Amino acid sequence: MAGTPSMTGPVPREHLRVTNQDRENVVDHVKAAYAEGRFDKFEFDERLERAMTARTHADLMPIMSELYGTQAGTRAPLRPVPAARPAPAPVTFDRAPESNERLGAAAAHGLAVVGLPIVGPLLLLLTAGKTSPYIRHHALESLNFHLTVIGATFLLPFTVVGVILIPVIWVAAFVLAIAGSISALSEGPFRYPMTLRLVK
């Protein structure tokens with residue numbers, strides 16, 4: 001008597017049941033494509049429904065193929081869409097700074113120009129910065145920026161390109177310090193570029 005034939009070998013991936021995480025990953029890709037303007041609202045809703053009601057990988061693969069080409073549907077596993085890095089929140093103050101606060105904040109930047117890039121903003125941070133959020137913001141920015149510049153000055157000479165960049169960095173620091181002073185006098189926040197914010 002012949003035995004009942006049985007299936008052997010691995011089950012094709014497209015026949016495997018999908019998990020909730022698989023569905024959510026494809027939904028994230030569909031949302032990202034819609035945000036980029038690749039779908040209209042009708043196409044977005046249709047693909048979203050297909051992704052959310054998928055039962056096997058064979059149901060999800062066509063959606064990925066429509067997004068990224070015929071090879072994308074065979075990729076395994078599906079990777080989540082990386083979340084966008086949030087932009088830093090804009091700096092706001094509870095009230096408009098008074099004239100003495102504007103002068104103190106401008107000094108936090110300007111003292112770097114006259115040769116006190118660390119001591120100047122640090123003193124303002126530890127004194128007037130305790131009572132004035134406006135001065136504290138500008139003193140912190142100036143202190144962190146010039147700590148970054150000094151750190152770069154010590155590290156860059158170990159490379160040939162670094163030796164060339166040091167004068168450029170110090171000229172840029174001089175210009176940015178003046179820009180910070182002007183911004184402080186104009187009642188505005190100021191944020192230095194490429195700064196390691198070590199002091200909070």
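User: Why is the crossing of helices α1 and α3 called left-handed?

Analyst: A crossing gets that name if the near helix is turned anticlockwise from the far one by less than a right angle, and is right-handed if clockwise. The crossing of α1 and α3 is of the left-handed kind. The residues that make the contact (heavy atoms within 4.5 Å) are Asp22, Arg23, Val26, His29, Val30 and Ala33 of α1, with His57, Leu60, Ile63, Met64, Leu67 and Tyr68 of α3. A word on the source: this is a predicted model, in which local features need pLDDT of at least 70 and side-chain atom pairs count only at pLDDT 80 or more, while totals for chains, interfaces and linings use all residues. Residues are numbered from 1 along each chain as its sequence is written, and side-chain values use heavy atoms, with hydrogens and water left out.

User: How do you know how α1 and α3 are oriented to each other?

Analyst: Look at the axes, lines fitted to C-alpha atoms over the stretch in contact, with angles from 0 to 180 degrees between N-to-C directions. Those of α1 (residues 20-35) and α3 (residues 57-68) cross at roughly 20° and come within 11 Å. Angles under 35 degrees count as roughly parallel, over 145 as roughly antiparallel, 65 to 115 as roughly perpendicular and the rest as oblique. So α1 and α3 are roughly parallel. Helices here are DSSP runs (H or I, at least four residues), numbered from the N terminus.

User: What makes α4 and α5 roughly antiparallel?

Analyst: Helix α4 (residues 99-113) packs against helix α5 (residues 119-126) at about 155°, with the axes 7 Å apart. That angle makes the two roughly antiparallel. In α4, Gly104, Ala107, Ala108 and Leu111 meet Gly120, Pro121 and Leu124 of α5.

User: How many aromatic pairs are there, and why is Phe145 with Tyr192 called stacked?

Analyst: The count is three. In one of them, Phe145 and Tyr192 lie 4.2 Å centre to centre with 10° between the planes. Rings of Phe, Tyr and Trp (its six-membered ring) pair if their centres lie within 6.5 Å; planes under 30 degrees apart are stacked, over 60 edge-to-face and the rest tilted. Therefore this pair is stacked. Phe145 sits in helix α6 (residues 133-155) and Tyr192 in the segment after α7 (160-185), so the pair ties together parts 47 residues apart in sequence.

User: What makes the pair of Phe190 and Tyr192 edge-to-face?

Analyst: Their planes are 85° apart, at 4.9 Å centre to centre, which gives an edge-to-face pair. Ring pairs join Phe145, Phe190 and Tyr192 into a cluster.

User: How do you know whether Tyr192 and Met194 are buried or exposed?

Analyst: Buried means under 20% relative accessible area, exposed over 50%, and partly exposed in between (1.4 Å probe, protein chains only). At 2%, Tyr192 is buried; Phe190, at 14%, is buried too. Met194 has 79% and counts as exposed, whereas Glu187, at 40%, is partly exposed.

User: How confident is the predictor over residues 1-6?

Analyst: pLDDT, its confidence in each residue from 0 to 100, stays under 50 there. The protein averages 81, and 80% of the residues score at least 70.
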